[in-house]
Amino acid sequence: MRKKLKKIPYDLVSYIQIETEAIRDANDKMMISSYCLAKLELVNWYLELLEVGSKKYIVPQSKAHLEMVRDQLMACHKAIMSVKITPPNERPLIRVTYPKGYEG
């Protein structure tokens, strides 16, 4: 009996991109980086199963689609690692943002 694997969700890359924009500290960066790398590892495993023609597992997505997701995940990880984190002691205590066109 062959086991059908779970599909890679279509919103995976979007989710990682949104979370990357929300990185505030080293903990956020580590969490999203680990998540991204885990999904990248999964995609690579699926690709490997397709490559060897596994008799044990059914991969629910095409090789072309998985390769596209892999490339996007690698780009996401690069973006995650390029996020610069401002140390807490260098952040302003109060940040005031004014609407566009405001002249005080």
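What radius of gyration would a compact globule of 104 residues have, and what radius does the protein chain have?

**View 1. The whole chain of the predicted model.** A compact globule of 104 residues would have a radius of gyration near 13 Å, but the protein chain has 19 Å; the radius is taken over C-alpha atoms, and the globule rule is 2.2 Å times the number of residues to the power 0.38. Along its principal axes, the C-alpha trace of the protein chain spans about 70 × 30 × 20 Å. The protein chain has three helices and two strands, which from the N terminus on run in the order β-α-α-β-α; helices (H or I, at least four residues) and strands (E, at least two) are DSSP runs, numbered from the N terminus. Buried residues make up 26% of the 104 residues in the protein chain, where buried means under 20% relative accessible area, exposed means over 50% and partly exposed lies in between (1.4 Å probe, protein chains only). This is a predicted model, in which local features need pLDDT of at least 70 and side-chain atom pairs count only at pLDDT 80 or more, while totals for chains, interfaces and linings use all residues. Residues are numbered from 1 along each chain as its sequence is written, and side-chain values use heavy atoms, with hydrogens and water left out.

**View 2. Helix H2 beside helix H3.** Two packed helices are described by the angle between their axes and the distance between the axes. The axes of helix H2 (residues 26-52) and helix H3 (residues 63-82) come within 9 Å and cross at roughly 160°; axes are lines fitted to C-alpha atoms, for helices over the stretch in contact, and angles run from 0 to 180 degrees between N-to-C directions. H2 and H3 are therefore roughly antiparallel to each other, since angles under 35 degrees count as roughly parallel, over 145 as roughly antiparallel, 65 to 115 as roughly perpendicular and the rest as oblique. In the contact of H2 with H3, the residues divide into 15 nonpolar, three polar and six charged; Ala, Val, Leu, Ile, Met, Phe, Trp, Tyr, Cys and Pro count as nonpolar, Asp, Glu, Lys and Arg as charged, and the others, Gly among them, as polar.

**View 3. Helix H1 beside helix H2.** The axes of helix H1 (residues 12-21) and H2 come within 10 Å and cross at roughly 160°. H1 and H2 are therefore roughly antiparallel to each other, and H1 passes H2 in a left-handed crossing.

View 4. The structure holds four aromatic pairs; rings of Phe, Tyr and Trp (its six-membered ring) pair if their centres lie within 6.5 Å, and planes under 30 degrees apart count as stacked, over 60 as edge-to-face and the rest as tilted. The rings of Trp45 and Tyr46 have their centres 5.8 Å apart and their planes at 50°, so this pair is tilted. Trp45 is partly exposed, with a relative accessible area of 34%, whereas Tyr46, at 3% relative accessibility, counts as buried. The rings of Trp45 and Tyr57 have their centres 5.2 Å apart and their planes at 70°, so this pair is edge-to-face. Trp45 lies in helix H2 and Tyr57 in strand S2 (residues 57-58), so the pair ties together parts that are 12 residues apart in sequence. Trp45, Tyr46 and Tyr57 form one aromatic cluster.

View 5. Ala64 lies in helix H3 and, at 54% relative accessibility, counts as exposed. Ser54, which has its place in the loop between H2 and S2, is buried, with a relative accessible area of 16%. Thr86 is found in the segment after H3 and is partly exposed, with a relative accessible area of 38%.

Technical notes:
A crossing is left-handed if the near helix is turned anticlockwise from the far one by less than a right angle, and right-handed if clockwise.
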